[in-house]
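Look at the sequence and the model below.

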Amino acid sequence: MRHISALYPGSFDPPTNGHLDLIERGAKIFDELVVGILRNSEKVPMFSLPERLEMLKTLTAHLKNVRIEAFHGLMVEYAKSIEATCVLRGIRAVSDYEYELQMALMNRKLEPTLETVFMMPADKYSYVSSRLVREVAQAGGPVRGLVPEVVEQKLREKLEPAYKFHDEMQEEIARTSDKHSEKRERLRKKKA
Ligand code: PNS
């Protein structure tokens, strides 16, 4: 019987609910799915490789045909080394298409036997990206619902000062707003 092993490569910095959604969909259609985290020496990630490995392992522990690994260098070479015949990538919106098409065609040029399969995450995650999650979290904003709870917790730990500053600012805004409403109320009573 045919056994189809697929590779889902990415940076996963951090893993989002969109990534998890795609992993769960991929796990249903492939016999084996390897999530390959890119170790990129040129970019400084927010989460180290061991942190990303740990988060993804925890998040996919319930999926018996999913394995989490790290790779560096050319993705097609890594795919070959693990005997994957398919590459899984997610497409959220038309804007993803151009980059993904270019990458899929380049990968096909490098390794013609490797097929790229695109899947769409649930539409509720169509606007979620690791980059935007990082941006919101770095400003101390809420990321609940965008990332799994373990990732939310890790973001809070890592960005403790940003969250503290954000919460203090919110309190300050609330206090100022209370003062303004008290003043408006006094003026209203005076006029009456
Ligand atoms: O999550 P990302 O950052 O969109 O994932 C991009 C990734 C890791 C799939 C891509 O950058 C990649 O495959 N890098 C490995 C190097 C490589 O093979 N480059 C040629 C791609 S055409």
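Helix α2 covers residues 49–59 and helix α6 residues 149–158; they pack at about 150°, and 10 Å lie between their axes. Axes here are lines fitted to C-alpha atoms, for helices over the stretch in contact, and angles run from 0 to 180 degrees between N-to-C directions. Helices (H or I, at least four residues) and strands (E, at least two) are DSSP runs numbered from the N terminus.

This is a predicted model, in which local features need pLDDT of at least 70 and side-chain atom pairs count only at pLDDT 80 or more, whereas totals for chains, interfaces and linings use all residues. Residues are numbered from 1 along each chain as its sequence is written.

Which residues of α2 and α6 meet? On the α2 side they are Glu-51, Met-55, Thr-58 and Leu-59, and on the α6 side Val-150, Val-151 and Lys-154; contact requires C-beta atoms, placed from the backbone, within 7 Å. By class, this contact has four nonpolar residues, one polar and two charged. Nonpolar means Ala, Val, Leu, Ile, Met, Phe, Trp, Tyr, Cys and Pro, charged means Asp, Glu, Lys and Arg, and the others, Gly among them, are polar.

The sheet is open and has five strands in the order β3-β2-β1-β4-β5, with parallel pairing; two strands pair if DSSP finds at least two bridges between them. At the edges are β3 (66–71) and β5 (115–119), each of which pairs on one side only. From one strand to the next the twist averages 30°. Five bridges link β4 (residues 86–90) with β5 in the parallel sense, and Gly-90 is placed opposite Met-119 in β5. Helix α1 (residues 17–29) lies across β1, β2 (32–38), β3, β4 and β5, and its direction is at about 170° to β1.

The loop between β1 and α1 holds Phe-12 and Pro-14. Most residues other than glycine have a negative phi, and most peptide bonds are trans. Phe-12 has a positive phi, near 50°, and the peptide bond joining Asp-13 and Pro-14 is cis, with omega about 0°.

Around the ligand are Pro-9, Gly-10, Ser-11, Leu-38, Leu-74, Met-75, Met-103, Met-106 and Asn-107; a residue is near a molecule if its C-beta atom, placed from the backbone, lies within 6 Å of it. Strand β1 (5–10) and helix α4 (94–110) each give two or more residues to this shell, and the largest share, three residues, is from α4. The shell has six nonpolar residues, three polar and no charged.

Finally, the protein is divided into domain 1 (5–158) and domain 2 (168–192), with bounds from an automatic or database domain assignment. Their centres, taken over C-alpha atoms, are 47 Å apart.

Note on methods
Contact = placed C-beta atoms within 7 Å.
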